[in-house]
Each structure stands twice: as structure tokens, then as C-alpha cells.
Amino acid sequence: MHELENAIETLPTDKACGIDYIHNQFLTHLPQNKKMQLLGIFNRIWRHGEVPDEWKIGLICPILKQDKDPQQINSYRPISLLSCISKLMEKMVQARLVYTIETNEQLSPTQYGFRIRKGTIDPIITIEHVIRRGLINKKVTIIVFFDLKAAFDSVDHMILLKTLAQLNIGGEMLSWIISFLSDRKYK
């Protein structure tokens, strides 16, 4: 229940709901007995490792970019609206996954993105340190930056799952993630 309540507290109430029309504001006002029922549903899904098909449907809404020609398809940014209940359970699973990986120190200390107690300033400080050390030692420092377009959307799921397995992520966690990533659809 503690995990569920923590996840509910972090739900943004100004976001649109998905295809099930259940809004985060509704979830943030659930009485305790309904939270217990929802937790029971989440626990059954977790034990069986089967994410409901309805949670895997994204409703795509094209949003016109600022100062762009509405007649051009590239002027629109697609927004995928997903089930808020699905996103709530996803938050709970993500918290467990982060806890497991961080507790077991399975990420490189130079991995800064999406980490607790690490921010955008940390890599800048690291780069500055490397440059200063190079200057002091009269060395040349070369830095190459890559901007991978649609990097998140192009992640190979099989490689991701293999990496998680190599990090000793298995059992119910891996089963849930496999189901979560499989057979996704959009309208």
C-alpha cells in the first residue's frame, strides 16, 4: 500500500487521460477501500506478469507546434495518451527497478540521466574537471557530443531485456516488463 500511495502522490493531475477515460484526479481521490481493490488488481497483474491489453493502447493526438504551418504534417508533434492506471502501476514498477539497480550499484557512476541525486549539472562539472586537468597537464581534451534523434523510441526491446537480465533483473519484474513492452498498439 505504501508503494501505491507514494506513486499516487506523484501523479500529475493536469495531464490528459488515455483510452479508458480514467483521469489522475480520480485516482488521487480514491478512498482507502478502493485503493485496496486497486492494489489487489496490481498484485494479480504483477504475479501473473500479464499487463492488460487495454493498457497497451496509446491514443495518438497531433499537437501543432508553435509558429508552424498547420498544413504540413511535420508541424505536428504526436502525443500518446496512455491509461492513467497503467502509468500508475508503471511508476510503482519503475520505483522498484530503480531501487534494485541503485542498491546493487549496477550503473556506471558517469550515468547521470534519470538518476536520483544526479542532475544536469553533474556531467557539466565532470567535463569541466576533465578539461581543467588536461590544461594543467598541458594535454588536449577532445569531447564529442551525439544527439540521437528519437533515441528513446528506437530502443531495441530485445537488447533492453537482455541488458536487464544481465543486471540480474528477473522473475516477476522481468515478466512484467516483457509484457509491458509487447504487443503495444495505437489509435
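Select Asp67 to begin, in the loop between E1 and E2 of this predicted model. Although Asp67 is not a glycine, its phi is positive, at about 60°. Most residues other than glycine have a negative phi. Is Asp67 buried or exposed? Its relative accessible area is 74%, so Asp67 counts as exposed.

Next, select Arg117, which sits in the loop between H4 and helix H5 (121-136). Arg117, likewise not a glycine, has a positive phi of about 65°. With a relative accessible area of 79%, Arg117 is exposed.

Now display the strands. In what order do the three strands of the open sheet lie? The order is E2-E1-E3, and the pairing is mixed. Strand E2 (76-81) and strand E3 (185-186) stand at the edges; each has a single partner strand, so one side of each is left without a neighbour in the sheet. Strands of a sheet pair through backbone hydrogen bonds, either parallel or antiparallel. To inspect one pairing, select strand E1 (residues 57-64) together with E3: these two strands pair in the parallel sense over two bridges. Within this pairing, highlight Ile57, whose bridge partner in E3 is Lys185.

Move on to the helices, selecting helix H3 (residues 32-48) and helix H4 (residues 84-103). Their axes are 11 Å apart, and the two helices pack at an angle of about 65°. The crossing of H3 and H4 is right-handed. Which residues meet there? From H3, show Leu38, Leu39, Phe42, Ile45 and Trp46; from H4, show Ile85, Leu88, Met89, Met92, Val93 and Arg96. By class, the residues of this contact of H3 with H4 comprise 10 nonpolar, no polar and one charged.

Finally, select the whole protein chain. Its secondary structure amounts to seven helices and three strands, which follow the pattern α-α-α-β-β-α-α-α-α-β along the sequence. The radius of gyration of the protein chain is 21 Å, well over the 16 Å that the globule rule gives for 187 residues, so the chain is more spread out than a compact globule. Along the principal axes, the C-alpha trace spans about 65 × 50 × 30 Å. As for contacts between residues at least 6 apart in sequence, 59% join residues at least 24 apart.

Technical notes:
Residues numbered from 1 in each chain as written. Predicted model: local features only at pLDDT ≥ 70, side-chain atom pairs only at ≥ 80, totals over all residues. Heavy atoms only, no water. Axes fitted to C-alpha atoms, helices over the stretch in contact; angles between N-to-C directions. Helix = DSSP H or I, 4+ residues; strand = E, 2+ residues; numbered from the N terminus. Left-handed = near helix turned anticlockwise from the far one by under 90°. Contact = heavy atoms within 4.5 Å. Nonpolar A, V, L, I, M, F, W, Y, C, P; charged D, E, K, R; others polar. Pairing = 2+ DSSP bridges. Rg over C-alpha atoms; globule rule 2.2 N^0.38 Å. Buried < 20%, exposed > 50% of the residue type's maximum accessible area, 1.4 Å probe, protein only.
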